Amino acid sequence: MARITAGVGCSHVPAIGVAMDLGKTDEPYWAPCFAGFEKSREWIKEAKPDVIFLVYNDHCTVFDASFIPTFALGCAAEFTPADEGWGPRPVPVVRNHQVMASHVAQSLILDEFDITIMNEMEVDHGLTVPLSLMFGNLGVDDEWPCLVVPLCVNVVQYPAPTGNRCYNLGKAVRRAVESFDEDLNVVIFGTGGMSHQLQYKRAGLINEEWDTQFMDRLTSDPVGLSQTPHVEYLREAGSEGVELVMWHIMRGALDDEVDEVHRHYHVPASNTAVGHIILANRKDSGAPK
């Protein structure tokens, strides 16, 4: 059967993608940020995932105010990088494991999670930046090293799903994956965050203490952390900090006991705190340590 062996939490700051695309990663401003992903790239080479289940949010690229699904699962054969106003990122087309995606859709819906099935969808920086951070600079003529099943979560238009709902969805994703009759190594990504606010008087807000505590509890107290109310994300992590509910989906899909493989935190990257963590199932003999 397929199995989820590890999880990755990762920010998806659009300026990171721009820095990579323009060859600025070694510049003094950016070098410390990218240095924190060197170990991550070595780790994922050793982990050799067959499939990445990637949880992210769209930034009004595919979905606008006329249509806002809470959870949208990509079931198309492939997903092209979207033009977000300055042309598509020069990265590979994302290839899906379509059979697994269809199986997950059926399993989640029968598990009483109402999923919107997307048979056509472009993907923006929310999905491509984490892939670039973990796999490095790949061009349009390259291929991502593994297949990707995308799950898009609404954290743009209120109301966003609760952390508890996302944590339980992660558990349902795990049940879906483990009931898929193919021997596959799956790594799940939860992306977005960390603390940041893009507008008004608190624009540029960074709360390193709160961000650090979030990553600590993600490992040690995921159930308690999943009870964090929306108002705390807003107050402590800024208006865009609610993106972190997507990390709960990743954590819910893992074992109760996990090992922290790697952590990276860096400020500044644009006006955002970059957070990154890799968690591996402690009892999974196939999980990289």
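This is a predicted model: local features need pLDDT of at least 70, side-chain atom pairs count only at pLDDT 80 or more; totals for chains, interfaces and linings use all residues.
Turning from the surface to the inside, buried residues account for 56% of the 289 residues in the protein.

As for the overall fold, ten helices and ten strands make up the secondary structure. The protein is as compact as a globular protein of its length, because its radius of gyration, 17 Å, is close to the 19 Å that the globule rule gives for 289 residues. Laid out along its principal axes, the C-alpha trace spans about 50 × 45 × 45 Å.

The largest pocket holds about 480 Å³ of space. Its lining takes in 25 residues, and Val155, His196, Ser239, Glu240 and Glu243 sit closest to the centre. Helix H1 (14–21) and helix H9 (230–237) each contribute at least two residues to this lining. By residue type, the lining of the largest pocket splits into 13 polar, ten nonpolar and two charged residues.

The second largest pocket comes in at about 170 Å³. Here 13 residues form the lining, with Cys60, Phe63, Ile68, Asn154 and Val156 the closest to the centre. Nine residues of the lining of this second largest pocket are nonpolar, two are polar and two are charged.

Note on methods: Residues are numbered from 1 along each chain as its sequence is written. Side-chain values use heavy atoms; hydrogens and water are left out. On a 1 Å grid over the protein atoms alone, a cavity is a set of points where a 1.4 Å probe fits but cannot get out, and a pocket is an open set with protein on both sides within 12 Å along at least five of seven lines; lining residues have an atom within 4 Å of a point. Grid points are joined across faces, edges and corners, and a volume is the space filled by probe spheres set on the points. Helices (H or I, at least four residues) and strands (E, at least two) are DSSP runs, numbered from the N terminus. Ala, Val, Leu, Ile, Met, Phe, Trp, Tyr, Cys and Pro count as nonpolar, Asp, Glu, Lys and Arg as charged, and the others, Gly among them, as polar. The radius of gyration is taken over C-alpha atoms; the globule rule is 2.2 Å times the number of residues to the power 0.38. Buried means under 20% relative accessible area, exposed over 50%, partly exposed in between (1.4 Å probe, protein chains only).
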